[in-house]
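Please read this short briefing alongside the sequence and the structure. It covers salt bridges and the packing of a pair of helices.

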Amino acid sequence: MLSEKNFEIDQKMIEQMIEAITGYLKWQNNTVGIIYNHELVGFINPGLNAAVKKLSKGKNSWSADEYKSFLSDRIISRNRSDIERILSRLKLCGYDAIKIAEKTCAFNPKDSFWIASSESDRLEDKITEFFFNVCEISLNEGVKKNFGISNGKYGIFKNRLGAGTDIESEIACYKLGTLFGVNICPVWRVSKDVIFSEFIYDFSKEFLVHEGVFTKEERSGDLYTDLCSKFPHFTDDIDKMYIFDFITRQIDRHVNYSIKIDDKSVSSLYPLYDNGRSLFWNEDEIRIERTIKNIRISDIVERIAKYKKISNIVNLNFNQRELVDILSRSGFTGYKLDGCVKWINSTIDILKNI
């Protein structure tokens, strides 16, 4: 029988537990656990899905050590070369795993678990804060782009730009990359006018830089030369970027490339992304025909060809039906389809004979 005294004790325990809540463990926007005093976890929905079941291992709670073990491969590595800058951005004086996890929400690209400070926090809002405040990735096109998750992957949703075919160009470039042997960030269609471009790096251990990779003294005004001089160990990938941009008539590469650096300061060229302004994305039939008639090789590609055989860098032998199928399945039709086929075939002929 519940006495008044026991009721008061139970009420006091409940109040103490509520006061001890410091966060929530979530899968996407579903709360699966409550975090107490920044270190203890009580599961409230351990059977949500297979991933949550595997994580909880049938337990009702985690000890402090078990929680820290969960966070250990989710938070930013102390070995990153930019760790001091990251800590400064997070307003932390030193490396503290718990504080870093709470400030970065313990996001990790391998799954959809994260740490929320409030049960009302939404993943779509916090992921934007994370990429902007921690990874320093900003979006400059307003509502045209948004951070988010699609098919369990982190990345960017991109809306169609006006009446152009940038959506189709993004999809086609990803597929053409496979055809030519060039590494492109995965892209897929979400709806008629929206695509999703996936981030394919582990931001707990790796980070991306583009213009900031060069000091003022390292800039000569010739990006190709600067890249090859600073990163001679992946010049073939740099060459592939310029050749691919020539084949796809990319007109907007400028800073749309990144160097990926891991926690051991090993760098590589990040797979190409933001390929929407290519393949005559915003040109009419007359301009396309005029451009194809006056095609000329890229100056950089011509320089590359003086020292290397282009066919050793990218695949120039493919089935014509395969090319048409890629462009058609990407959404190209009519004069855009015909123009892109003619352009790509013309550039391939030039590359084979240079």
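**Salt bridges and a helix pair**

Aspartate 299 has a relative accessibility of 46% and therefore counts as partly exposed. The model is predicted, and it holds 26 salt bridges. Side chains of opposite charge can pair when their charged atoms come close.

- Aspartate 299 pairs with arginine 296 in a salt bridge, with the closest N and O atoms 3.4 Å apart.
- Arginine 296 counts as exposed, because its relative accessibility is 58%.
- A salt bridge also joins the side chains of arginine 303 and aspartate 222, at 3.1 Å from N to O.
- Arginine 303 is in helix α11 and aspartate 222 is in the loop between β10 and α8, so this pair ties together parts that are 81 residues apart in sequence.
- Arginine 303 is partly exposed at 31% relative accessibility, and aspartate 222 is partly exposed at 25%.

- Arginine 329 and aspartate 325 form a salt bridge, their closest N and O atoms being 3.0 Å apart.
- The two residues are four apart in helix α12, so about one helical turn separates arginine 329 from aspartate 325.
- Arginine 329 is exposed at 62% relative accessibility, whereas aspartate 325 is partly exposed at 35%.

**Packing of α12 and α13**

- Helix α12 (residues 320-329) packs against helix α13 (residues 334-353) at an angle of about 135 degrees, with the axes 10 Å apart.
- The two helices, α12 and α13, are therefore oblique to each other, and their crossing is right-handed.
- Residues making the contact include Leu323 and Val324 of α12 and Val341 and Ile344 of α13.
- The contact of α12 with α13 has seven nonpolar, three polar and no charged residues.

Terms used: Residues numbered from 1 in each chain as written. Predicted model: local features only at pLDDT ≥ 70, side-chain atom pairs only at ≥ 80, totals over all residues. Heavy atoms only, no water. Axes fitted to C-alpha atoms, helices over the stretch in contact; angles between N-to-C directions. Parallel < 35°, antiparallel > 145°, perpendicular 65-115°, else oblique. Left-handed = near helix turned anticlockwise from the far one by under 90°. Contact = heavy atoms within 4.5 Å. Nonpolar A, V, L, I, M, F, W, Y, C, P; charged D, E, K, R; others polar. Salt bridge = Lys/Arg side-chain N within 4 Å of Asp/Glu carboxyl O. Buried < 20%, exposed > 50% of the residue type's maximum accessible area, 1.4 Å probe, protein only.
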